[in-house]
Amino acid sequence: MENISGFWHFKEEFEYGEKTGEARIFQDGTSIAGTMIFKEICENEIPIIVRTTIAGYVDENKVVLNDFNHTVLSGGSDCDYLPEKREGVINFSGQIVGSVIDSDSVGGVFVMNRI
C-alpha cells in the first residue's frame with residue numbers, strides 16, 4: 001500500500017462547474033485525514049473559496065475521502081457548499097483519480113496529483 005501523505009493539487013469537474021485547489025493529507029496506517037482548500041466555480045454563480053476537513057481510508061489502491069466541517073472563506077456563506085464523498089484509485093502514474101458525489105447527489109470526476 002502506497003503512503004499518500006503530503007500535498008496534492010486537485011481538479012474536479014461536475015455537472016455544472018469545476019473545482020481546483022490543493023489538499024494536505026496525513027496517513028496513519030489505512031486511515032487518512034487532512035484539509036482541502038479550493039475554488040468552486042459554478043455556472044451563473046459567484047465563485048466561492050472553501051476550506052474543508054477530510055477523513056477517510058486507503059485500502060490497497062482504493063482511496064475514500066469524505067468532507068466535514070467546511071467553511072466558505074469568500075464569495076458566499078457556508079450553506080453555499082455541499083459536503084462531498086470522493087472515491088478513487090491510485091493509478092500507475094501515482095495520481096488519485098475517481099468519482100465524487102455531493103449531498104444533493106450531484107456527481108463528477110476528480111484527479112489529484114502530488115505537488
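Predicted model: local features only at pLDDT ≥ 70, side-chain atom pairs only at ≥ 80, totals over all residues.
Nine salt bridges are present in the structure. In one of them, the side chains of arginine 86 and glutamate 12 meet at 3.2 Å, N to O. Arginine 86 belongs to strand E6 (residues 84-90) and glutamate 12 to strand E1, so this pair ties together parts that lie 74 residues apart in sequence. Arginine 86 is buried, with a relative accessible area of 0%, and glutamate 12 is likewise buried at 0%.

Lysine 19 takes part in a salt bridge with glutamate 40 (3.2 Å, N to O). This pair links distant parts of the chain, with lysine 19 in strand E2 (residues 17-28) and glutamate 40 in strand E3, 21 residues apart. A salt bridge also joins glutamate 84 to lysine 19 (2.5 Å, N to O); here strand E6 is linked to strand E2, across 65 residues. Through shared partners, salt bridges connect Glu12, Lys19, Glu40, Asp67, Glu84 and Arg86 into one network.

The largest pocket has a volume of about 200 Å³. Its lining comprises 15 residues, and Tyr16, Glu40, Cys42, Leu82 and Asp102 lie nearest the centre. Eight of the lining residues are nonpolar and seven are charged, while none is polar. Strands E1 (6-14), E3 (31-42) and E7 (96-102) each supply at least two residues of this lining.

No disulfides were found in a search of the whole structure. For cysteine 42, the nearest cysteine sulfur is that of cysteine 79, 13 Å away. Cysteine 42 is buried, at 7% relative accessibility, whereas cysteine 79 is exposed, with a relative accessible area of 63%.

Terms used. Residues numbered from 1 in each chain as written. Heavy atoms only, no water. Disulfide = S-S within 2.5 Å. Buried < 20%, exposed > 50% of the residue type's maximum accessible area, 1.4 Å probe, protein only. 1 Å grid on protein atoms, 1.4 Å probe; cavity = no way out; pocket = protein on both sides within 12 Å on 5 of 7 lines; lining within 4 Å. Points joined across faces, edges and corners; volume = space filled by probe spheres on them. Helix = DSSP H or I, 4+ residues; strand = E, 2+ residues; numbered from the N terminus. Nonpolar A, V, L, I, M, F, W, Y, C, P; charged D, E, K, R; others polar. Salt bridge = Lys/Arg side-chain N within 4 Å of Asp/Glu carboxyl O.
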